[in-house]
Amino acid sequence: MGNPLQQRRTPQELAAVGQVIEIKNKVSDFERLGEAIARDLRALHGDNPLPAWRDSLVCGRLNFGFADAQGKLPAVRGHAAVDVWAVCQRCLRPFSLPLRVELRLMFGDVAADGYEHWELDDGTLCPADLVDEALVMALPFAAMHDADNDCVALTVAGEKPAPMKTPFANLKTQMGKEN
Ligand SMILES: [Zn+2]
């Protein structure tokens, strides 16, 4: 049997058996998330800066069931987490960005309070797509270092740009205007 995360089924089937899916999959198993990260990293570093970024582990769990007592409204609740590689838009250096998402989705015409609606494709869904979409939506528009002292752009703020040691910082220097 394959991984239920990758199997396309109807939400009624998944809910009827109370399908629980434990997620422990690499970023490379989530197509859109992988594309988004690749796009972000490619923009700054050329071909192959962080070869292991596709191996970052996505962990979480999905619980399928019914949102109503009558068993008519299939739904899923769950969560997922992963630390992805992103590029800080302030200092242009790569850093590890934690993504944490909660999922509460319904699939029929009705969506109960607190649930979002998921559009079915031919009446079916692939559970991996739910997680993929939620993680992509959680990506910040412009990723930045959280802590000021992690960010080169902030620690050198107000000073003359000093010669920097990392290839990424060098790239920034090359791209910047001449002083
Ligand atoms: Zn930074």
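A residue is called buried here if 20 or more other C-beta atoms lie within 10 Å of its own, exposed if 12 or fewer do, and partly exposed in between, with C-beta atoms placed from the backbone. Helices (H or I, at least four residues) and strands (E, at least two) are DSSP runs, numbered from the N terminus. The structure is a predicted model, in which local features need pLDDT of at least 70 and side-chain atom pairs count only at pLDDT 80 or more, while totals for chains, interfaces and linings use all residues. Residues are numbered from 1 along each chain as its sequence is written.

The protein has five helices and five strands, and these follow the pattern α-β-α-β-β-β-β-α-α-α along the sequence. Of its 179 residues, 28% are buried. Two residues are in contact if their C-beta atoms, placed from the backbone, lie within 7 Å. Among the contacts with a separation of 6 or more, 67% are between residues 24 or more positions apart.

Two strands pair if DSSP finds at least two bridges between them. The five strands form an open sheet in the order 1-2-3-4-5, with mixed pairing. Strand 1 (20-26) and strand 5 (116-117) stand at the edges with a single partner strand each, so one side of each is left without a neighbour in the sheet. Strand 1 is joined to strand 2 by seven bridges, and the two run antiparallel; here Glu22 stands opposite Arg61 of strand 2. On strand 3, the bridge partner of Arg61 is His79.

Strand 2 (residues 57-66) pairs with strand 3 in the antiparallel sense over eight bridges. Cys59 faces Ala81 of strand 3 in this pairing, and Gly60 has Ala80 as its bridge partner. Strand 3 is also joined to strand 4 (residues 94-106) by 13 bridges, again antiparallel, with Val82 opposite Leu99. The hairpin of strand 3 and strand 4 has six residues between the strands, and Leu92 takes a positive phi near 60° there.

The 12 residues of helix 3 reach 17 Å from first C-alpha to last, close to the 16 Å expected, where the expected span is 1.5 Å times one less than the number of residues. Buried residues of helix 3 include Leu130, Val131, Ala134 and Leu135.

Leaving aside neighbours within four places in sequence, Leu135 is in contact with Phe30, Leu33, Ala80, Val82, Leu99 and Val101.
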